[in-house]
Amino acid sequence: MADHDDLFAATMAAAGFAPPELPAGEPKPEALEMVDRTSRYWTSPHVGELRVGSPAHQHELCRMFRETFNPYRPAVVAWPKLTPDMLQRVTSLPIWDIAVHTEGRARLRFASYAATVQAPEVRDAVMLNAWEEHRHKEVLGNMVKAYGIALGSEPAYRVPRDPEWMYLVTGYCECIDSFFAFGLFELARRSGFFPIELVKTFEPVMQEECRHILLFANLVASQRASLSWWRRIVFELRIAAAWFYIGWERLVLARSMKSNGMGTGQDSNFTMTSAQAVTPVEIGFRDLMTLCLQENDRRFAGYDARFARPTTVPALARIALFLTRPWAKRSVGKTSNEHSPADG
Ligand SMILES: [Fe+2]
Ligand SMILES: [Fe+2]
């Protein structure tokens, strides 16, 4: 086991985490379908309002997170055989290193934050979130091995000195990344540029990210609601600082990608470059934003409407669409109903 795995395991153990029990053996298709449904639809039996920040809201939120858990085992994920063309497309995507590092960092940051949380239910939910990031990393690691993708060495992951700050940074990063990933993933599915089996294999990971940012948005909203006015100001300043930090970090990342010959050096263009890498058809910025918004709405639609949703990134996308109206040429609007959740 590598050092970074040891560090993560030690952090989880210190926070008192017991890994969930996963069913043994290869799951039957019906069982997969059932857990897929369970993971994307959930409504609380609680009658009446679920006021954000109330004990009932917190309890039902944690319950949602527990009950929508998808118990797949990374080791039994079947990696479809790819044609040489497909294999080339998958291995040449410039995202695998960043994806593995992102999961590696996220799992440790969530685990570190969980250890500081007082409410046992919330702590368990954040720890499960951390464990799911660890599982994403395992899935990616297995895929990389199966397809012979060459990865660089992993950076040293550090336990954050200020876990709440890193939780905010990581949570908002997930809100940004997931929003664009939802659209890009659907684009890849529709284009047939990758085999549908491979797209389906990653579907639980995508939906899990949706659950993660749902949990995050509600925990942040809860904290906001429970603070006194002056603590609230401090918290809002931290949130604003987290957004600035993310913006700065991404600017640096985009520049380093440019100097390494990846992407175009601009973050928005990195998303566009990724879009061109997952579809043979050219897609414009507006169409991609529209698709991201549709997918965002679709993925959240199955969860109790009384929970808060992440709103900042969708709002920014809507503003971008509004401002670029003069450049509107075509729309992907009518395609929103083509996808049924059951088909992955
Ligand atoms: Fe993840
Ligand atoms: Fe996540």
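**Close-up 1. Arginine 306 and its partner aspartate 304.** In this predicted model, arginine 306 has a relative accessibility of 26% and therefore counts as partly exposed. Its side chain meets that of aspartate 304 in a salt bridge, with an N to O distance of 2.8 Å. Aspartate 304, by contrast, is buried, its relative accessible area being 3%.

**Close-up 2. A network of linked salt bridges.** Asp36, Arg40, Glu203 and Arg299 are joined into one network by salt bridges that share partners. A search of the whole structure finds 20 salt bridges.

Close-up 3. The side chains of glutamate 186 and arginine 189 meet in a salt bridge at 2.9 Å, taken from N to O. Both residues belong to helix 7, which spans residues 163-191, and because they stand three residues apart they are separated by about one helical turn. Glutamate 186 counts as buried, with a relative accessibility of 2%, and arginine 189 is likewise buried, with a relative accessible area of 15%.

Close-up 4. Arginine 63 and glutamate 67 both lie in helix 3, formed by residues 55-67, where a spacing of four residues places them about one turn of the helix apart. Their side chains meet in a salt bridge with an N to O distance of 3.4 Å. Arginine 63, at 22% relative accessibility, counts as partly exposed, and glutamate 67 is also partly exposed, its relative accessible area being 38%.

Notes:
Residues numbered from 1 in each chain as written. Chains lettered and ligands numbered in written order. Predicted model: local features only at pLDDT ≥ 70, side-chain atom pairs only at ≥ 80, totals over all residues. Heavy atoms only, no water. Salt bridge = Lys/Arg side-chain N within 4 Å of Asp/Glu carboxyl O. Helix = DSSP H or I, 4+ residues; strand = E, 2+ residues; numbered from the N terminus. Buried < 20%, exposed > 50% of the residue type's maximum accessible area, 1.4 Å probe, protein only.
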